[in-house]
Amino acid sequence: MDDHLPPSPNSFSLNPIPTKDLKSELPHKDWPHAPVHRLGTNGVYFITAGTLKKIHLFNTSEKLDLLERMLLSLSKEHKWQLEAWAVFQNHYHFVARGRPDSTPMRDFLAELHSRSAIELNRLDGVNGRTVWHNFWDTQLTYQYSYLARLNYTHQNAVKHKLVPVANQYPWCSAAWFERTASPAQVKTIYRFKMDRVRVEDDF
Ligand code: NI
């Protein structure tokens, strides 16, 4: 993701370009806690959302950081516990577990979409551009389909051919999951076949 850097000079020397540590201006990454539970009485949802016309709007590391951090911090604020997520240039997926006092999912998504659009448009210096187009929400009520979607989300960067191994993709939950869950949990989830999972994911 270094495509925003200039090519290195070959035959002449340039003055060093002052670099700014963009990460220091973003809120820190607000990691969720426990990565796997049983399906219980509280709703667990699988959400997919895409940008308007699938345009690659979050097309720098900074913009992907922005979207991922906003997702992590707003989900905590609205009491949706993230169990898997993957954020890309033109869409995202996540699995989140509600509580009795969670904000309604649609209100949470409305805030995520409006705040991320405002911030992205500010970075791009444009006014009022529509960023998000639509989203799909599925309530997960069967253990098998829940676990399969956790794996689908952790592994999504591999499906989209961005990395050979999911934990190499910075804007998804795979590395966090492998670090936080027990080795047995990781093995169980990663074993789930994803070819029977039908997800809107033509991005
Ligand atoms: Ni996807």
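# Fold report: strands, helices and core

Strands β1 and β3 run antiparallel and are joined by 7 bridges. Two strands count as paired if DSSP finds at least two bridges between them. Helices (H or I, at least four residues) and strands (E, at least two) are DSSP runs, numbered from the N terminus. The structure is a predicted model, in which local features need pLDDT of at least 70 and side-chain atom pairs count only at pLDDT 80 or more, while totals for chains, interfaces and linings use all residues. Residues are numbered from 1 along each chain as its sequence is written.

The chain contains 6 helices and 4 strands. Read from the N terminus, the order of these elements is β-α-β-β-α-β-α-α-α-α.

**The sheet**

The 4 strands make an open sheet in the order β2-β3-β1-β4, with antiparallel pairing. β2 and β4 (132-139) are the edge strands, each pairing on one side only. From one strand to the next, the twist averages 15°. β2 and β3 are paired in the antiparallel sense over 6 bridges, and they form a hairpin with 3 residues between them. Histidine 93 in β3 stands opposite threonine 48, and alanine 86 also stands opposite histidine 93. Phenylalanine 46 has valine 95 in β3 as its bridge partner.

Is β3 enclosed or open? A residue is buried if 20 or more other C-beta atoms lie within 10 Å of its own, exposed if 12 or fewer, and partly exposed in between. On one side of β3 the buried residues are His91, His93, Val95 and Arg97, and on the other they are Tyr92, Phe94 and Ala96.

**The helices**

α2 lies across β1 and β4, whereas α3 packs on the sheet and touches β1, β2 and β3. The table gives the angles, which run from 0 to 180 degrees between N-to-C directions of axes fitted to C-alpha atoms.

| Elements | Angle |
|---|---|
| α2 and β4 | about 150° |
| α3 and β2 | about 40° |
| α1 and α2 | about 155° |

The axes of α1 and α2 are 10 Å apart, and their angle is about 155°. That makes α1 roughly antiparallel to α2, a label used for angles over 145 degrees. Residues of α1 that meet α2 include Leu67, Met70, Leu71 and Leu74, and among their counterparts in α2 are Phe108, Leu112, Leu120 and Leu123.

**Core and contacts**

The largest nonpolar core has 38 residues, and those with the most contacts inside it are Leu71, Trp85, Val87, Tyr92, Phe94 and Cys172. Such a core is a set of buried Ala, Val, Leu, Ile, Met, Phe, Trp, Tyr and Cys residues joined through C-beta atoms within 7 Å. β1 (44-51), α1 (61-77), β2 (81-87), β3 (91-97), α2 (105-124), α3 (143-154) and α5 (174-180) each give two or more residues to this core. Apart from neighbours within four places in sequence, cysteine 172 is in contact with Trp85, Ala86, Val87, His154, Asn156, Ala157 and Ala166; contact means C-beta atoms within 7 Å.

Over the chain, 31% of the 203 residues count as buried. Of the contacts between residues at least 6 apart in sequence, 71% join residues at least 24 apart.

**A loop residue**

Threonine 60 is in the loop between β1 and α1. Threonine 60 counts as partly exposed because it has 15 C-beta neighbours inside 10 Å.

Technical notes:
Two residues are in contact if their C-beta atoms, placed from the backbone, lie within 7 Å. Angles under 35 degrees count as roughly parallel, over 145 as roughly antiparallel, 65 to 115 as roughly perpendicular and the rest as oblique.
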